[in-house]
Amino acid sequence: MMHQGHSKSQFVAVASIAAELSAVMNVAKDISLAAANAKAIAFRAGEKAKGFQPITDFINELAKDTIQLVVIINQKALQLYQLTIREHRLAEACEQFENAVALCDAATYADSLTQSLVLVRQRRSECQRQFPHLVAELLALLSDVMHPARAARVIAANSRIEASQAGEYMQSLQAVAESVDNAAQIIHDKVQQCRSALSQIHTDAYFPSTKTFS
Amino acid sequence: MKMHKIYQGGHEWIMFGRDLHKPEKIVDTNQYLVRSADRCLLIDPGGIELFAPMLAAVLHHAPVHEITDLFASHQDPDIISSLGLWDQALPHAKLHAAGLWEGFLRHFGCETIEYVSIPDNGGVISLGSVELQIIPAHYLHASANFNLYDPEAKILFSGDIGAALETPNTPIFVDNFAAHVEKMRYFHQRWMPSNQAKRAWIERVRCLDINILAPQHGRMFKGDDVKRFLDWFEALQVGIAV
Ligand SMILES: [Fe+2]
Ligand SMILES: [Fe+2]
């Protein structure tokens with residue numbers, strides 16, 4: 001018994017954000033591993049990969065930053081999900097109270113429901129007021145998480161150059177550069193998907209529900 | 001939603017059920033309201049689909065702020081999946097339900113309503129001048145399960161015990177016990193898991209003076225049919241699926 005069509009798409013949108021975020025988390029962990037791996041190779045390569053060593057630390061830092069940001073974003077996304085559930089329950093309550101009033105056909109105590117109905121409407125508009133703020137916060141955090149991903153791509157390009165001077169280690173270091181580049185690309189895409197899912201909630205999914213208050 | 005006053009004394013009992021508008025694939029349930037001077041108890045308030053018709057029906061008898069207490073005999077959705085909506089409708093109410101089920105029942109939504117945990121050995125629900133006894137009926141069928149007994153009205157609300165699944169237009173009282181048995185047999189054999197639990201419950205309930213045995217589905221039992229039911233249930237083998 002969905003009270004309005006938008007709720008479903010809103011739940012799906014919030015859930016898909018959570019899914020994208022957990023993918024971002026996994027990829028960031030992969031980068032961390034790649035960095036550790038590259039560090040080991042660079043250590044063995046010694047002089048030949050001297051330029052590569054500081055790069056591996058950079059990569060590791062970027063992975064850490066990404067993971068930290070994703071943890072915060074996850075918390076916000078969870079808040080958004082809880083707010084969505086709350087709004088959904090309140091919307092359902094509004095609708096059911098209105099149904100009861102229609103059904104009770106001038107019952108002796110029909111008016112006693114008014115106070116609860118007013119309260120539920122207030123709580124619901126409070127949710128609706130909070131909603132765009134939370135979405136905006138999330139969007140800002142998501143654009144923050146793009147920065148390490150972009151930086152990682154630049155570093156990957158540098159790594160390729162350094163790798164080409166590493167003699168017999170060239171191939172394995174190039175593979176590291178390649179995987180960092182791929183991972184950064186994936187993070188970039190996933191975050192982009194989160195942002196578009198989120199803007200969708202913000203624009204066309206959420207506001208129709210305010211029609212009961214007009 | 002049909003309404004029947006089944007007791008009128010210092011307080012009243014109203015039975016709600018036989019809802020003609022209920023969605024087809026949902027079981028028909030009986031809800032009960034105990035109304036004292038200024039407080040009401042709603043017994044097994046029902047499924048979420050039933051909330052609006054149930055609330056509408058209740059508004060004929062009491063204002064929402066006088067519904068101060070809810071009771072859930074166990075955790076099934078036909079009993080209490082409407083909780084999240086009552087939670088928004090009732091400004092200051094308590095839910096009396098098994099402590100064992102708290103973590104489960106809260107899934108339905110319970111923010112403003114106060115959850116009053118019933119311990120395994122039962123207790124009382126006081127509505128000011130009226131006091132109802134919470135009678136343990138564990139494993140009949142839920143692992144934590146309670147009945148309610150009103151010593152003044154001599155009514156035992158028995159939850160799923162005594163239930164029969166019938167058509168919406170069925171009368172509210174059993175009028176031919178022998179014929180009614182067939183509507184109950186499979187339900188009790190399949191849903192009730194334990195002969196031991198059944199015997200313990202019968203022993204306990206036989207000590208009560210009961211005029212009406214009121215189940216959550218189907219017809220109520222009155223007068224001699226109460227004893228007939230207890231005898232029949234005593235002889236019945238339950239837990240047949242294993
Ligand atoms: Fe049940
Ligand atoms: Fe039931």
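Student: About how much space lies in the largest cavity?

Tutor: Before the answer, please keep in mind that this is a predicted model. As a general idea, rolling a probe the size of a water molecule over the atoms shows where empty space is left. In this structure there are two cavities of 30 Å³ or more, and the largest cavity holds about 40 Å³ of space.

Student: Which residues line the largest cavity?

Tutor: The lining is made up of B:Arg18, B:Asp28, B:Ala164, B:Leu165, B:Glu166, B:Thr167, B:Thr170, B:His217 and B:Gly218. Sorted by class, that lining has two nonpolar, four polar and three charged residues.

Student: What lines the second largest cavity, and how do the residues of its lining divide by class?

Tutor: The second largest cavity, with about 30 Å³ of space, is lined by A:Ile31, A:Leu62, A:Ala63, A:Thr66, A:Pro148, A:Ala149, A:Ala152 and A:Ile187. These residues divide into seven nonpolar, one polar and no charged. Two helices of chain A, α2 (53–104) and α3 (114–163), each supply at least two residues of this lining.

Student: Let us turn to pockets. What is the volume of the largest pocket, roughly, and which residues lie nearest its centre?

Tutor: The largest pocket has a volume of about 260 Å³. Its lining counts 16 residues, and those nearest the centre are B:Val27, B:Thr29, B:Pro77, B:Asp78 and B:His217; B:His217 also belongs to the lining of the largest cavity. From chain B, the helices α2 (77–80) and α5 (177–191) each give at least two residues to the pocket lining, and by class this lining has seven nonpolar, five polar and four charged residues.

Student: Which residues are closest to the centre of the second largest pocket?

Tutor: The second largest pocket has a volume of about 220 Å³. It is lined by 10 residues, and the closest to its centre are A:His88, A:Arg89, A:Glu92, B:Ile48 and B:Phe108. The elements that give two or more residues to this lining are α2 of chain A and α3 (83–89) of chain B, and α2(A) gives the most, with three residues. When the lining of the second largest pocket is sorted by class, there are four nonpolar, four polar and two charged residues.

Student: Where is A:His88 found, and is A:His88 buried or exposed?

Tutor: A:His88 is found in helix α2 of chain A, and A:His88 counts as buried because its relative accessibility is 15%, where buried means under 20%.

Student: Which residues is A:Glu20 in contact with, leaving aside its neighbours within four places in sequence?

Tutor: A:Glu20 has its place in helix α1 (residues 5–45) of chain A. With those sequence neighbours left aside, A:Glu20 is in contact with A:Lys190, A:Gln193 and A:Cys194. At 16% relative accessibility, A:Glu20 therefore counts as buried.

Student: How many helices and strands does chain A have, and what is its radius of gyration?

Tutor: Chain A has four helices and zero strands, so that you will read α-α-α-α from the N terminus on. Its radius of gyration is 25 Å, well over the 17 Å that the globule rule gives for 214 residues, so chain A is more spread out than a compact globule. Along the principal axes, the C-alpha trace of chain A spans about 90 × 25 × 20 Å. Of its 214 residues, 43% count as buried, and among the contacts in chain A with a separation of 6 or more, 85% come from residues 24 or more positions apart.

Student: How many disulfides are there over all chains?

Tutor: In general, a disulfide is a covalent bond between the sulfur atoms of two cysteines. Here the count comes to zero disulfides over all chains. A:Cys127, for instance, is in no disulfide, and the nearest cysteine sulfur, that of A:Cys94, is 10 Å away. At 2% relative accessibility, A:Cys127 counts as buried. B:Cys40 is likewise in no disulfide, with the nearest cysteine sulfur, that of A:Cys104, 16 Å away, and B:Cys40 counts as buried at 0% relative accessibility.

Terms used. Residues are numbered from 1 along each chain as its sequence is written. Chains are lettered from A and ligands numbered from 1 in the order in which they are written. This is a predicted model: local features need pLDDT of at least 70, side-chain atom pairs count only at pLDDT 80 or more; totals for chains, interfaces and linings use all residues. Side-chain values use heavy atoms; hydrogens and water are left out. On a 1 Å grid over the protein atoms alone, a cavity is a set of points where a 1.4 Å probe fits but cannot get out, and a pocket is an open set with protein on both sides within 12 Å along at least five of seven lines; lining residues have an atom within 4 Å of a point. Grid points are joined across faces, edges and corners, and a volume is the space filled by probe spheres set on the points. Ala, Val, Leu, Ile, Met, Phe, Trp, Tyr, Cys and Pro count as nonpolar, Asp, Glu, Lys and Arg as charged, and the others, Gly among them, as polar. A disulfide is a pair of cysteine sulfur atoms within 2.5 Å. Buried means under 20% relative accessible area, exposed over 50%, partly exposed in between (1.4 Å probe, protein chains only). The radius of gyration is taken over C-alpha atoms; the globule rule is 2.2 Å times the number of residues to the power 0.38. Contact means heavy atoms within 4.5 Å.
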